[in-house]
Amino acid sequence: MAQLSYRDAVAAAIAQEMRRDKNVLFLGEDVAAAGGVFKATVGLLDEFGPLRVRDTPISEQAILGAAMGAAMTGLKPIAEIMFSDFFAVCWDIVVNEIAKARYMSNGQHECPLVIRSANGGGARFGAQHSQSIENWAMAVPGIKVVAPSNAADVKGLLAASIQDPDPVLFFEQKSMYGLKCDVPEGDYIIPLGQANIAREGSDVTIVALAAMVPKALKAAEVLQEKHGLSCEVIDPRCLVPLDTKSILESVSKTGRLVTVEENPRLCGWGAEIASIVGEECFWNLDAPITRITTPHIPLASVDVLEDLMIPSVDRIVSVVSEMD
Amino acid sequence: MNVLMPQLGETVSEGTIAVWHIKVGDTVAKDDPLLDVETDKAAIEVPAPKAGVISAINVAEGETVDVGVVLVVIDVEGEESAAADSETASPAAAPAQAAAPVAAPTPAATPMSSPTSAAATGSVAKSGAMLSPAVRKLVSQHNLDVSSIAGTGKKGRVTRQDVLAIIDGSTAAPAAAPAQAAVTGRSTPVPVPAPIGADARSLIPFDRIRKLTADHMVMSKATSPHVLQAVEVDYTAVDAVRKSYGPGWKADKGYSLTYLPFIAKAIVLGLREFPKINSSIVEEALQLHPLINLGIAVDLNFEGLVVPVVRDCASKSVGQIAEGIKALSIKARSKSLSPDDFAGGTYTISNSGPFGTLMTAPVINQPQVAIMSTDGIRKRPVVIESESGDSIAIRPVGILAQSFDHRAFDGAYSAAFMNRVRNILEQQDWASEL
Amino acid sequence: MTKSKDKTSSAGKYPLNETKQLELYQLMAECRALQQRAHDLFMQNLVKGTTHLGLGQEAIAAGFGAAMRKDDYTFNTYRGHNHNYVRGVSMTAILGELMGRDIGQLRGKGGSMHITDTTKGAMGSYAIIGAHMPIAAGAAWSAQYRGTEQAAVCFFGDGTTNIGAFHEALNFAAIWKLPVVYVCENNQYMEYTAIGDVTAVPNPAADRAASYGLTSILVDGNDAELMYETAMAALDTARSGGGPTLIEAVTYRHYGHSRADPGKYRPDEEVAEWKNNRDPLPLYRNKLLEAGMPESKLAAIDANTEEMIDKATEEAKSSGPPPDEIAFTDVWADGGAAWRN
């Protein structure tokens, strides 16, 4: 085990896979020479050289299109979209091409690529550089969606994503790049589609993703200490494929579900989980399902407003302690 | 006053008007039949709870309405309208094994309780309170009366935990029961002196079960001239079989083989030979019952009594009777006794044995004509007669005492029956009866 | 149209022998038959949805078809039956796909606009304008990285030259010197609008080449042998590390944009001129005959073509629709469609 930051875990996973497979390439804006604007890919150019680690122009469509063309013809590219907000600029390639190529070609096309991107707010970057768009990705059939909540999961899940034969959107949380934790050394893979029970409990199931996971865990401590409530915190890690079983089992046990989502309210990923639980676990519910989300407004830039909007530990504690 | 649609079963939520016996404008006396109500489980006659004039009939024949709906309004002299009917209540289903020497209410055609009435005594969540899907599922699965479960959630909500606690037996709830016919007899209030040196906490209001039981006991004593007769039984033969088959039985079934199923079987065999004791008085006739359905009185943690019935004991072996008794006690413990479990009793056994009492004079469980109390079995010195002379031996001995209704038969008949039961207990080849 | 700076650099450098000429003619004839039959089947309501025909534009597909190697990659638009045919996708498979049959190239899952055969390097037909241009660059990048001599050829229309992906792709391909040939089939109409009305420069592709440091190439798209030579030159450039080429080939489509479009926005005389006097198939036929090609050889090709298309039509017609279950296949590499456990 080594203490590694979230950002260093990104580089570590990419390096691990680039060493393993010479067909893994990496391209993006300022990713090579500068090591990425978030310094998440430092050292890769040095180790793997300019043929495998490439800086691109500001051309999101070209970046993703090229990644797709390369993936279709024998390579395993990793592309970076600097801010997940910019997916809107090249969403066509993701949704209309990458997500559908295999299906429309009746299984002929291969698309083993990873698009990693810095997602989420908390960095005071303003509405166009702070969005959490994992729910956009979840809504499109044909792409896998991964959103790790800690450095160890970054390493294991990014490695798994790179090895995965299907296209994966890998959402890193920019507010967590600096956070350190113990990360297993050497080859480390976490299979996609496995949730992590981050904390066991019996009174309520809290499903939280990415940056909301540490907040949910903190809230769970407070809830136990001050309110005597035993919270089970589940980190799905992947929205697609979704570990529905773990969530249903947990809610069957606790009878209560709360989701904590950084994305805006409407059609957030928690809405889908609430729907699944409401349909498949209805008779075990002892209280209405509750979603804690950023409200349905663009995120303000100023810190006091941004912190108010994005779900906080206090808000989680308050909502859960007042549940039926 | 309003007469509401009664609840005819724990999980029954509606009833159908079968036939009206009165019309608007009729004058009715107390207990006059008003209408017949039906569900798929039961049919009952709803009598007038008070005398008065029928001022409104709200539901037509053939209509189905929810429990608690006002069916008919009676103009009672001196009374304002719309008081909820609280005269009747239903006994509870309960957990415990130990019996107390009481009888249970009769399944006769008497008014039902309406749990939605505001007069529900004691604890509990009213129906119409927020019942979550989890609570509904558990309540349905275990046939519980949720209106009798105390809610510890917000605003008194019954939570899943509350229901689970009942099911696990960790909470002894004074739950409401399957719709049993309730009481028509009532006790006449007697002036009571103020308690001496007492404070408010020394006054314990009667809950539903207590009221029902009290009324039934008075009614039973008022109806049947009770005579007590007892025999002393040597349980050696039973004991021998209990000792040899007991461990195997316990290992196999998970519970012990007690004296009770043997006593029950002996009584059954006796009743076959003395059928007048397995009967009911109807008008001025004795209605013999073809089946012997034994009611086994079950105490509810000293809070009340129920008498679930093991049916058709004549066709059952000791083992089967034991199983039947065990099944009922499990159901009682999980509050899942249903109206069917209480229906059709023809003779009742009240078992004080575990408490080691000497003898008990039980109150007859109407409309039966006799009830047997089984009391403590202890080792006593007894005189054994033989051809070579008398000797003293130590034997397990206990008293069986029957209270019987002297209207139905006389002391000699009862005594002969008691003698027969004693002989069966002492001489039967019990090993082959298992 | 204006002359280009580099129009004739490939002329004469890639002579065609008789075999190659007959191959070229055959490809065009068969493409013509395929597209005509598709038109007819559409009029009989046997072709589902819509379809986009390349009647009149065969010389471009055929020219490249005859020039490319088996392991090259092609990317084309939804008007791409010909481009897939020349890579080796059968008539039966194409007609079957148009008619929504199980024997269709994609078993009905893709439809007319998405004909693909990766075993033949036909890397897809694309319906979002311009999207395939950066994808083609990616395939070229892959070849470059792996050190093979493969090239990628990307066919698109005049309308594509105004979309963002066109510009991103060309810049991208140019800076990385990717072995990709971009071929603009300028049939002079962007769907229902004359391309000149919506483009800032007269030659929508050729006049943009300089913006990406590329040579401006403007050719007659209906001259089969010229298309072949142009293709060969561009492919050689690609294979030898010379980077991308942008070609504008001027042509004309005989029918409307799609089958639903009767094409009434084009002047009748213009349509007549192109159909009667500038049709690439009779043009090449006559050119070959004038150069001494025996008529019988061409007739044999024609007769064979008729047989082929009829046989393919019957084969495709005799296949039923695909089974329901395939709707849930091939979302993922494991062949399935599951998003949860």
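In this predicted model, 51 residues of chain A are in contact with 41 residues of chain C. Putting chain A and chain C together buries about 4000 Å², and carbon and sulfur atoms give 63% of that area. Chain A also touches chain B, in a contact that takes 13 residues from chain A and 10 residues from chain B, and here the buried area is about 890 Å², with 44% given by carbon and sulfur atoms.

**Where chain A meets chain C**

- The rule for salt bridges finds 1 across the interface of chain A and chain C, and Glu280(A) forms a salt bridge with Arg340(C) in which the closest N and O atoms are 2.7 Å apart.
- Polar contacts link 23 residue pairs across the interface of chain A and chain C, counting pairs in which both residues are at pLDDT 80 or more.
- Several elements of chain A each supply at least two residues of the side that touches chain C, among them strand S2 (24-28), strand S3 (53-55), helix H4 (87-98) and helix H10 (269-280).
- Helix H3 (60-72) of chain A is another of these elements, and H3(A) gives the most to the side of chain A that touches chain C, with 10 residues.
- Sorted by type, the residues on the side of chain A that touches chain C divide into 21 nonpolar, 16 polar and 14 charged.

**Where chain A meets chain B**

- Across the interface of chain A and chain B, 10 residue pairs are in polar contact, with both residues of each pair at pLDDT 80 or more.
- The side of chain A that touches chain B is made up of 4 nonpolar, 4 polar and 5 charged residues.

**Chain B taken as a whole**

- Chain B contains 9 helices and 18 strands, and 49% of its 434 residues count as buried.
- When contacts in chain B between residues at least 6 apart in sequence are considered, 69% of them join residues at least 24 apart.

How values were computed: Residues numbered from 1 in each chain as written. Chains lettered and ligands numbered in written order. Predicted model: local features only at pLDDT ≥ 70, side-chain atom pairs only at ≥ 80, totals over all residues. Heavy atoms only, no water. Contact = heavy atoms within 4.5 Å. Buried area = accessible area lost by both parts, 1.4 Å probe. Salt bridge = Lys/Arg side-chain N within 4 Å of Asp/Glu carboxyl O. Polar contact = N/O pair within 3.5 Å; in protein donor to acceptor, adjacent residues only side chain to side chain. Helix = DSSP H or I, 4+ residues; strand = E, 2+ residues; numbered from the N terminus. Nonpolar A, V, L, I, M, F, W, Y, C, P; charged D, E, K, R; others polar. Buried < 20%, exposed > 50% of the residue type's maximum accessible area, 1.4 Å probe, protein only.
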